[in-house]
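Visitor: I would like to take a close look at a single part of this structure, and I would be glad of a careful explanation.

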Amino acid sequence: MITRKRLAAGVCALLAALTAGVAFPVAAVAGEPTGGTAPQVDLVLDVSGSMRTADIDGGTRMAAAKRAFNEVLDATPEEVQLGIRTLGANYPGDNQKTGCKDTAQLYPVSTLDRTEAKTQVATLSPTGWTPIGPALLKAAGDFTDSASSKRIVLISDGEDTCAPLDPCEVAREIAAKGVGLTIDTLGLVPNTKMRRQLSCIAEATGGTYTSVEHADELTDKVNQLVDRAADPVVTPVATEGAGSCATAPTLKSGLYTDREEFTQQRWYRVDVDPGKELRASVSVGADRSVNPSYGVLLRAVTVHGREIVRGEGAGNGRTDVISTGLRYPKADREDASAETVCLQVTNSFSAASGVKTTPGLPLELTVDVVDGPSNASDVASFGLGRGWWLLGALILAGFVAGLLWGWLSRWRLAVWRTN
């Protein structure tokens, strides 16, 4: 869903990779992995009647899910606490009101007893309705508050059958509570309506949606998501940019969130010591309907207003997040002192007719100050780095080519007139 200019995407990917490798001090730092108990995962499995359908590698969808669960249980890391919740597993009747309450915790989120969990999975048989919304509400309460990370992996072969409780709205409500819960969704042999619904659920909490049509794909993807839960969780720190550099907050290396109104400027300050390099990236998201053609600008400016380097990103209405980044190395000289660099974030989003402009658009800013390049030739020149030499060579080549073409044209004209 996120689309960027090629250059902006490359810069941001580089910044993200480099940021991940930076060692933060022991004291609390913005964007530092959070503490807590073991990471927790709740596998939520659709056991509705449609799971009897035999269209996955010649077997039923339920058989593929059971096989995947057994292999996942064997491969679950020791540090991950795992649970299993079902939807549509127990009520075989036609009463929708009753069927839409059919969700149960098959195995509690806890230290994994693989034999017991497999025994419970073996008892499952496709039965009833598809109450995705109610199951997600219950699953959100299956975790302990102190978990270092919380992840729901929802596996379904159809859309929710318990309207008007929209599972997408349920996911948004869970995200709005700020409980740090991610929902990933997997669709078995999906159709357009189910794909749209499961994608919406995942996007609401920053999760992922994957279409699965083979048993091996299902096993691999669930294993990947369970393993991901064991990765350190980085929590952004809320900050509030200012209207000018002079009054802007000073940021350390870390991940920050803010809100920026339409076409508004937000300023932040970063201190860069000699021999260090500032790397920064920003993403601004349209969480409401906006007019097409928009962009985001990130500038590094001195306290006196001189631009050092900039990064730009643009969209055409098909994306709802625009990102860009920049880097600025501070030369290491004996007479040099720390420099305060002002970061300016500006967007050119405009609200569609009738859309509220407040609160501002969500903004995520990554700041990283690392050791600068060791070679003088690595230091950026006019923001181009080593690309400055390439640009100079291209200009010279163009100039020479122009002279040759002009001389050749004049010679051909002279020959034509002579003949």
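Visitor: Which residue forms a disulfide with Cys 245, and how far apart are their sulfur atoms?

Guide: In this predicted model, Cys 245 forms a disulfide with Cys 342, and their sulfur atoms are 1.7 Å apart. A disulfide is a covalent bond between the sulfur atoms of two cysteines. The torsion about the S-S bond of Cys 245 and Cys 342 is -45 degrees, and this link is left-handed. The pair links distant parts of the chain, since Cys 245 sits in the loop between strand E9 (237–238) and strand E10 (254–260), while Cys 342 belongs to strand E16 (residues 339–347), 97 residues apart. As for the surroundings of the two cysteines, buried means under 20% relative accessible area, so Cys 245 counts as buried with its value of 11%, and Cys 342, at 0% relative accessibility, is buried as well.

To place this link in its setting, the structure holds three disulfides, and with bonded cysteines counted along the chain they follow the pattern 1-2, 3-4, 5-6. One of them joins Cys 168 and Cys 200, with sulfur atoms 1.6 Å apart; because the torsion about their S-S bond is about -45 degrees, this disulfide is left-handed. Another joins Cys 100 and Cys 162, whose sulfur atoms are 1.9 Å apart, and here a torsion of about -100 degrees about the S-S bond means that the disulfide is left-handed. Both Cys 100 and Cys 162 are buried.

How values were computed: Residues numbered from 1 in each chain as written. Predicted model: local features only at pLDDT ≥ 70, side-chain atom pairs only at ≥ 80, totals over all residues. Heavy atoms only, no water. Disulfide = S-S within 2.5 Å. Buried < 20%, exposed > 50% of the residue type's maximum accessible area, 1.4 Å probe, protein only. Helix = DSSP H or I, 4+ residues; strand = E, 2+ residues; numbered from the N terminus.
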